[in-house]
Amino acid sequence: PIEVTCGYDFLEDEVVGVFHPSVNFLIPTGYEGSVYFGGGFIITTSSCYDDIWFKAELGYRYHWGDYASSDFFMRYNGMFTIGVSIQWSSYIDL
């Protein structure tokens, strides 16, 4: 399936929020989780700056029901990062 997501990352320092609308292609690996790859945008808001980056991402998504999930990911948006996020998702089955 193709998944359209809008998520929030847990980041520290002075970052207030990092939102990332994206479109992902999921490879099912079991009932509760999927490996995925995809791309989208990162919208960063902090006390010092606002910024928008394009991202490419590879990760594992654990599903908490029909709409919520959490990610463990490796992402490139100007540099490589590894992190955890919470997603709100809508699925499009092809």
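The model is predicted, so local features need pLDDT of at least 70 and side-chain atom pairs pLDDT 80 or more, whereas totals for chains, interfaces and linings use all residues. Residues are numbered from 1 along each chain as its sequence is written, and side-chain values use heavy atoms, leaving out hydrogens and water.

Now to the strands (DSSP E runs of at least two residues, numbered from the N terminus). Pairing takes at least two DSSP bridges between two strands. Strands β3 (residues 33-46) and β4 (residues 50-63) run antiparallel over 13 bridges, with F41 bridged to F54. On β4 and β5 (residues 68-76), the antiparallel pairing covers eight bridges, and R61 faces D71 of β5. Four residues separate β4 from β5 in this hairpin, and G65 in the turn has a positive phi of about 110°.

As for the rings, Phe, Tyr and Trp (six-membered ring) pair if their centres lie within 6.5 Å; planes under 30 degrees apart are stacked, over 60 edge-to-face, the rest tilted. The whole structure has four such aromatic pairs. One of them is Y62 with W64, edge-to-face at 4.8 Å between centres and 65° between planes. Y76 and F80 sit 5.0 Å apart, centre to centre, and their planes meet at 55°, so that pair is tilted.
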